[in-house]
Amino acid sequence: MPKKSFADAIYEALKQEMERDPSIILIGEDIGRAEGIFGVTRDLWKIFGEERVRDTPISEAAFIGAAGGAAICGLRPVVELMFCDFFGVAMDQIYNQLAKIRYMSGGQCRFPVVLRTTIGGGLGASAHHSQVLYSIFAHVPGIKVVVPSTPYDAKGLLIKAIRDDDFVMFFEHKTFYAFAQLAGEVPDEPYTIPFGKADVKREGKDVTVVATANMVHESLKAAEELEKEGISVEVVDPRTLVPLDTETIVNSVKKTKRLVVADEDYIYFGVTGEIIARVVERGVPLKVPPRRVATPRVPIPCSPALENEILPNKDKIKKAIKDVVSPSKEI
Amino acid sequence: MVMKKIPKEKLLWMYRTMVKIRKFEEKADELFLGGELPGFVHLYIGQEATATGCMAALEPGDYITSNHRGHGHLIAKGGDIKKMFAEIMGKETGYCKGKGGSMHIANFSLGILGAFGIVGGGVGVGVGAALASKLKKEGRISVIFGGDGAFVQGIFHEGMNLAAVWNLPVIFLIEDNGFSEGTVSWPKPGDPRKTRNIKNLGEIGRAYGIPGVTIDGNDPIAVYEAVREATQRARLEGVPSVVHCLTCRQRGHYVGDPELYRNEKDIEECIKRDPIPRFRKALVESGIIKEQELTKIDEEITKEIEEAVKFARESPSPDPKEAYIDVSDGVEV
């Protein structure tokens, strides 16, 4: 099977779906002749024309809201927002309108809208271009939240998202696009991956690490190193936060009886707490209290010295794993 | 005279629609005060000519986006008042199965793409509906209803600009009732309050390179003529327009509003501009329609309202389990 980058996978999903369904349009800033800020949309404007691949003014509220209106009236818009941080100026459209119109109207319409955006730090891009924020959207009813971590998952989940009749937000870690080591096998033909199906990225027996986006790769690296120390780590990637595959997570923790959650979003009131709550609510017996590795309550700073200090990474995950496998920590 | 150019049937429809809105709202007021309506209710009394004149100029397939003061928009677009009373009472027979209530009452099959409780919240949807119509070459136009309150929201301006640069068939219909909730909107001599510096918002079109007019929103014929002209530009040339309708809200922002921000004189002046007696008088004086015909319409509507309220009262509440339906498919609630 051919190896493709994360950006190749997203591009291929968009292209193949647009070929299949003429009602799919792309809306976003610099997605046409500028070919996308991270080079994802590339030549789609040439292939499908500038009516279907629409550059916009810097008016996020209007074009995200317009995607909603177009969806009610028979189109299937896929919106690209350069950075998730920009959603702030369009929040009303997202959480009050696109997320709720179907429900408020008693189910009179559907919302086949996909909002793609980029997340994550590690580039020194500071407080307005480095956040993750998906837990905010996972909190609100009416939004499906997808977070792929590999090129294979990205293509299958994006095609699923485009074909879904509900409003989906799709979060792409910006360090993934051109990351050569991440290139993976991606089938040429279209395929879908169902929502609500976690993927066990590595099997293990001593501890479960539930990880999202970039933390999947940091956890896998940690697991590899710890294997040499005799610690067997299972890495579970939920792939979609809404719906969340609680079963797979719970079954893994039932086996390992130890849990670490690694996520790049802010630590409090977010994904890490939610996943631990799901496990605890199911009464899964844990040998030691669970641990979470996430970004502290600090805006993302620019200086690499400062950014490295706060972002979760392989070493922090390793430390948390060692803590929970230590017999002295047992309850 | 302009009125003579309009078919009698349409004039009668306008009168009937305005009276139906008025009586619906008077009944809604009574039901709210009697404790039969949950939530907040924002009455359209005094503004009937705007929705009526506008819808008289639209085709059935055209879209509108409505707002928290939306009962009048729905009635004028052809809403069934039985399902409307049921909705505002929170009954399962309501347009939105009781999930929307007064502020979100809408019927998508009539082209009402939602009623938005956030001021300015529907602008994006209205622009997007026009985009879909344009790309699918359907010839439908989209009318975005927003008040003088919505006009000062950022998205209203983003929307006007986006519709202009994308050449979309949109009409930004500003229903200027003089108040942004509890604050006077446009400057009056001796009153320091204002939410904007200019009175005539038709002028704003120039800022976006699109036509705009300011008209008397209490005259259904003036609204009809202005909207009709705008629909032609929208449908044939893909040119959006601003139609600024000066109207007047006779009641508070919501039922129960103590209206501390306005005085008796202001309310009296507003009632003097009441569009319904004025239109009735003009119809009779024009000789097109006899007074008895109009009185008969009044009586028919009174009866229709009573029947609709009876239907709504007798309708069951939704099954509580309905609360979990229509969120996102396949997602735990």
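User: Which residues in α3(A) meet D92(A), Q93(A), I94(A), Q97(A) and L98(A) in α4(A)?
Analyst: Quick bookkeeping: residues count from 1 along each chain as its sequence is written, while chains are lettered from A and ligands numbered from 1 in the order written. This is a predicted model, where local features need pLDDT of at least 70, side-chain atom pairs count only at pLDDT 80 or more, and totals for chains, interfaces and linings use all residues. Helices are DSSP runs of H or I with at least four residues, strands are E runs of at least two, both numbered from the N terminus, and contact puts the C-beta atoms, placed from the backbone, within 7 Å. By that test, the residues on the α3(A) side are A61(A), I64(A), G65(A) and G68(A).

User: Are α3(A) and α4(A) parallel or antiparallel to each other?
Analyst: Their axes (lines fitted to C-alpha atoms, for helices over the stretch in contact; angles run from 0 to 180 degrees between N-to-C directions) come within 8 Å and cross at roughly 25 degrees. Under 35 degrees counts as roughly parallel, over 145 as roughly antiparallel, 65 to 115 as roughly perpendicular, and the rest as oblique. So α3(A) and α4(A) are roughly parallel.

User: What about α8(A) and α12(A): how are they oriented to each other?
Analyst: Helix α8 (214-227) and helix α12 (314-325) of chain A have axes 8 Å apart, at an angle of about 55 degrees. On the α8(A) side the contact includes E218(A), K221(A) and E225(A), and on the α12(A) side K314(A) and K318(A). The orientation of α8(A) and α12(A) is therefore oblique.

User: Is the crossing of α8(A) and α12(A) left-handed or right-handed?
Analyst: Look at how the near helix is turned from the far one by less than a right angle: anticlockwise is left-handed, clockwise is right-handed. The crossing of α8(A) and α12(A) is right-handed.

User: Which strands stand at the edges of the five-strand sheet in chain A?
Analyst: The sheet is open and mixed, in the order β9-β11-β10-β13-β14; strands pair if DSSP finds at least two bridges between them. An edge strand here has a single partner, so one side of it is left without a neighbour in the sheet. Those edge strands are β9 (199-202) and β14 (291-295) of chain A.

User: In β11(A), what is the bridge partner of D199(A)?
Analyst: β9(A) and β11(A) (233-237) pair in the antiparallel sense over three bridges. In β11(A), the partner of D199(A) is D237(A).

User: How far apart are the centres of the two domains of chain A?
Analyst: An automatic or database domain assignment gives the bounds: domain 1 is 3-185 and domain 2 is 199-326. Across the boundary, 25 residues of domain 1 contact 22 of domain 2. Taken over C-alpha atoms, the centres are separated by 26 Å.

User: Which element gives the largest share of the side of chain B that touches chain A?
Analyst: The contact takes 40 residues from chain B and 39 from chain A. Chain B's side divides into 20 nonpolar, 13 polar and seven charged, with Ala, Val, Leu, Ile, Met, Phe, Trp, Tyr, Cys and Pro counted as nonpolar, Asp, Glu, Lys and Arg as charged, and the others, Gly among them, as polar. Elements giving two or more residues are β2 (112-116), α5 (123-135) and α7 (154-165) of chain B. The largest share, eleven residues, comes from α5(B).

How values were computed. Contact = placed C-beta atoms within 7 Å.
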